[in-house]
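Hi,

Here is the structure I promised to pass on.

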Amino acid sequence: MTTASSTLDACGACLRRTALIAGLAGRIEHEWRLRRGRPQLLALADEELLRWAGMPEASAHYEAFSTEFALDRLAAAGLGAVCGCSPAYPAGLRELPDPPAVVHFAGDPALLDGAGVAIVGARTPTPYGLEVTRALARGLGAAGVAVVSGMVMGIDSAAHAGALEAGRTVAVLATGADRPYPARAVQLHRRIAEAGCVVSELPPGFAPRRWAFPARNRLIAALSAGTVVVEGGERSGSLITADFAMELGRFVAAVPGSVTSRMSAGPHLLMKAGAELVRGAEDVLDLLHGAGSGGDVLDLLHGAGASATGVVVGAGPRARASAPEPVAPPLGLEPSLARLLECIERGEGSLAELVGDPSEAFAVSRDLGELELRGLVRRVFGGRYIRAAG
């Protein structure tokens with residue numbers, strides 16, 4: 001396995017370009033807040049960026065750049081690096097109109113081969129969203145597919161955690177690759193660096209900026225064969241990732257949710273536009289192994305700083321209008337447990353909803369414990385029970 005400590009394959013010109021972007025981070029942030037920034041700024045050549053910024057101090061720092069100092073910083077941070085001048089640079093990133101000059105990483109860069117699948121979604125997901133995400137990522141990991149996500153709390157972190165249970169995962173950061181975000185995710189960051197790969201286009205120590213998150217999303221899409229959106233609102237940043245995936249000709253799919261939940265709005269919007277419906281890892285594997293690009297493009301207006309763009313349209317041979325199939329109860333399940341499981345699947349997840357008579361409380365509690373022991377239900381926040389996804 002190639003590790004960060006053994007790979008510093010970045011030239012001085014590309015390292016200087018990265019230092020320039022970092023040095024102009026505040027100026028780019030200002031433009032972003034005015035809704036003028038967008039990551040297209042990252043497509044400008046160095047000279048154009050310096051003229052755009054109009055900052056004499058930035059030009060002075062650019063001229064005084066030291067390649068040796070940049071390499072020493074990388075080594076001190078324990079990071080590897082590969083630049084666009086190297087044949088080892090991830091091929092998927094070359095398809096971007098604004099590929100990063102340098103990819104900084106901790107872990108195994110072989111996972112950046114574009115064969116993984118991105119799983120993205122809301123930062124404040126529902127228990128259902130977390131459960132589905134973990135099961136989906138676990139299934140893909142067990143099948144040998146690397147899961148790519150952004151490591152922020154919510155769906156992203158659940159995707160990484162699920163993947164690590166059975167396989168490998170790639171975290172793409174909007175900070176330096178050595179800087180966990182959020183800070184409390186330090187243990188997850190360490191686990192991914194040890195058993196997968198943490199990657200960023202930004203130099204060591206780079207602090208989070210708002211513009212860096214949508215910029216990061218283009219890398220998630222480019223490093224993946226396709227993107228699956230689990231939960232998110234109509235202005236979710238995960239839809240920006242879906243847009244980038246579509247523009248690159250990758251498949252986009254979504255997990256359906258409750259029509260009464262605002263967290264389902266983003267995935268349902270994508271499916272209405274023709275994105276593939278995902279019920280589990282098998283559906284994603286079908287897209288990976290039998291998918292071609294194509295379909296109808298529907299322009300959807302969504303916010304989060306993104307302009308209106310075409311949202312993907314799936315890529316697989318399966319019928320797109322099919323609804324998710326209900327989960328059949330396990331064979332041989334006792335009638336009382338089967339009835340209880342059906343109630344939970346209907347959304348009656350609290351003890352108060354499941355107990356019709358106070359005298360039944362003990363029996364229902366016992367049966368809930370049995371279902372949980374068999375891995376059929378999970379107890380979540382608030383003492384509610386949900387159907388386990390896998």
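Predicted model: local features only at pLDDT ≥ 70, side-chain atom pairs only at ≥ 80, totals over all residues.

Residues are numbered from 1 along each chain as its sequence is written, and side-chain values use heavy atoms, with hydrogens and water left out.

The protein has 15 helices and 14 strands (DSSP runs numbered from the N terminus: H or I of at least four residues for helices, E of at least two for strands). Of its 390 residues, 53% count as buried, meaning under 20% relative accessible area with a 1.4 Å probe, protein chains only.

11 of its 11 residues are buried, so α9 is largely enclosed by the rest of the structure. Among them are Phe213, Arg216, Arg218 and Leu219. The cover includes α2 (25-33), β4 (116-120) and α10 (237-247), judged by contact, that is, heavy atoms within 4.5 Å.

Then there is a helix pair. The axes of α7 (residues 155-166) and α8 (residues 186-195) come within 11 Å and cross at roughly 45°; the axes are lines fitted to C-alpha atoms over the stretch in contact, with angles from 0 to 180 degrees between N-to-C directions. Ser157, His160 and Leu164 of α7 meet Leu188, Arg191, Ile192 and Ala195 of α8.

Best wishes

Methods. Buried < 20%, exposed > 50% of the residue type's maximum accessible area, 1.4 Å probe, protein only.
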